[in-house]
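Me: I am new to this structure and would like to go through it step by step. Could you take my questions as they come?

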Amino acid sequence: ADILLSIFRDRFATVDDLNVAIVGDIETETAFDLAARYLGTLPTGTADSWVDLGLDLPTTRLIDEVVLTAGTANGGVTRFDWLPGEVDGASEVTSVLLSTIITNRITDTIREDLGASYGGFADISIERAGDAALTSFIQVDGDPARLDEIRAALDTILRELSTTGPSVDEFDRAFQVTDNDYNFVTDALFLSTNLAVTRFPDQDPLQPDERFAVLDRIGRNDIRDMAAALYADPASVEVSKVLP
């Protein structure tokens, strides 16, 4: 027992300012009891501090390259965009729909129609810590000899979504995928949601049971407006994997 207590104190001696979420098949009273005995007995430290490193995002489009090893067939383009500002539940759901639509267009246009890509995806998510923002990460893998085609096709996809928005058919497809995904609820979802509520109480994170009502309110124009806000601004970072 003494050894275990020593290990416990050693491991948690400098741990404080925790945000803890407990989810799953557990009684509320049991969770509170465990938290009181194992978390409530941890020593209280001084408040954490942070330093602003002054790393500002670029205001223009930055393009760079990573040179592949000779004979490598897997090239591609990675693009990062951002939209500073507070986000709400509607933005969270709209970002999921837009991610799905861009991913589908990459598959349909760049992979199937052009045959220049092995696949790709878009991941648009919310950054809550620090300066709140909506961030977009897009990756398209493909033939390094056809990067100009891949880049041009991706630019066209983003430009069209920013001006005319998605078609009725692709919006319906994205809506159905999102609706199905929202019906699959895991402990990990509750963990991330509860931690967000604790860490960012002023941001009102979207609760799992609220998502369907918000989804029903999102339309094609909302997708277009988010795409325009994210991609119409030339500020972005793009890195390509190129042949030597």
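This is a predicted model: local features need pLDDT of at least 70, side-chain atom pairs count only at pLDDT 80 or more; totals for chains, interfaces and linings use all residues.

Me: Good. Which residues in α8 are buried, then?
Reply: In helix α8 the buried residues are Ile-223, Met-226, Ala-227, Leu-230 and Tyr-231. They cover an arc of only 105° around the axis, and therefore sit on the same side of α8.

Me: Why would residues three or four places apart point the same way?
Reply: An α-helix has 3.6 residues a turn, so residues with that spacing point the same way.

Me: What do the buried residues of α8 pack against?
Reply: They pack against the strands β2 (75-84), β3 (117-127) and β4 (133-142), and against the helices α3, α4 and α5.

Me: And how many residues does α8 have?
Reply: Helix α8 has 12 residues. From its first C-alpha to its last it reaches 16 Å, close to the 16 Å expected at 1.5 Å a residue.

Me: Let us look at α3 and α8 together. At what angle do their axes cross?
Reply: The two axes cross at roughly 80° and come within 10 Å. Angles of 65 to 115 degrees count as roughly perpendicular, and α3 and α8 are therefore described that way.

Me: Which residues meet there?
Reply: From α3 the contact involves Ser-91, Thr-94, Ser-95, Leu-97, Leu-98, Ile-101 and Ile-102. From α8 it involves Asp-222, Ile-223, Met-226, Ala-227, Leu-230 and Tyr-231. By class, this contact of α3 with α8 has 9 nonpolar, 3 polar and 1 charged residues.

Me: What does Asp-222 touch?
Reply: Leaving aside residues up to four places away in sequence, Asp-222 touches Thr-94 and Arg-217. Asp-222 and Leu-98 are 124 residues apart in sequence, yet their C-alpha atoms are 9.4 Å apart in space.

Me: Changing topic: which residues of α5 are buried?
Reply: They are Glu-170, Phe-171, Ala-174, Thr-178 and Tyr-182. Seen down the axis of α5, the buried residues fall within an arc of 105°, so they line one face of the helix.

Me: What covers them?
Reply: The cover includes α3 (89-113), α4 (147-163), α7 (211-217) and α8 (220-231).

Me: What span should α5 have?
Reply: Helix α5 runs over residues 168-182, and its 15 residues should span 21 Å at 1.5 Å a residue. Its end C-alpha atoms are 21 Å apart, which agrees.

Me: Now the loops. Where is Gly-165?
Reply: Gly-165 is in the loop between α4 and α5. This residue counts as buried, because its relative accessibility is 4%. Not counting residues up to four places away in sequence, Gly-165 touches Arg-105, Glu-160, Glu-170 and Arg-224. Gly-165 and Arg-220 are 55 residues apart in sequence and 6.3 Å apart in space, C-alpha to C-alpha.

Me: And Asn-183, buried or exposed?
Reply: Asn-183 is exposed, with a relative accessible area of 54%. This residue lies in the loop between α5 and α6 (187-199).

Key
Residues are numbered from 1 along each chain as its sequence is written. Side-chain values use heavy atoms; hydrogens and water are left out. Helices (H or I, at least four residues) and strands (E, at least two) are DSSP runs, numbered from the N terminus. The expected span of a helix is 1.5 Å times one less than its number of residues. Buried means under 20% relative accessible area, exposed over 50%, partly exposed in between (1.4 Å probe, protein chains only). The arc is that of the directions from the helix axis to the C-beta atoms. Contact means heavy atoms within 4.5 Å. Axes are lines fitted to C-alpha atoms, for helices over the stretch in contact, and angles run from 0 to 180 degrees between N-to-C directions. Angles under 35 degrees count as roughly parallel, over 145 as roughly antiparallel, 65 to 115 as roughly perpendicular and the rest as oblique. Ala, Val, Leu, Ile, Met, Phe, Trp, Tyr, Cys and Pro count as nonpolar, Asp, Glu, Lys and Arg as charged, and the others, Gly among them, as polar.
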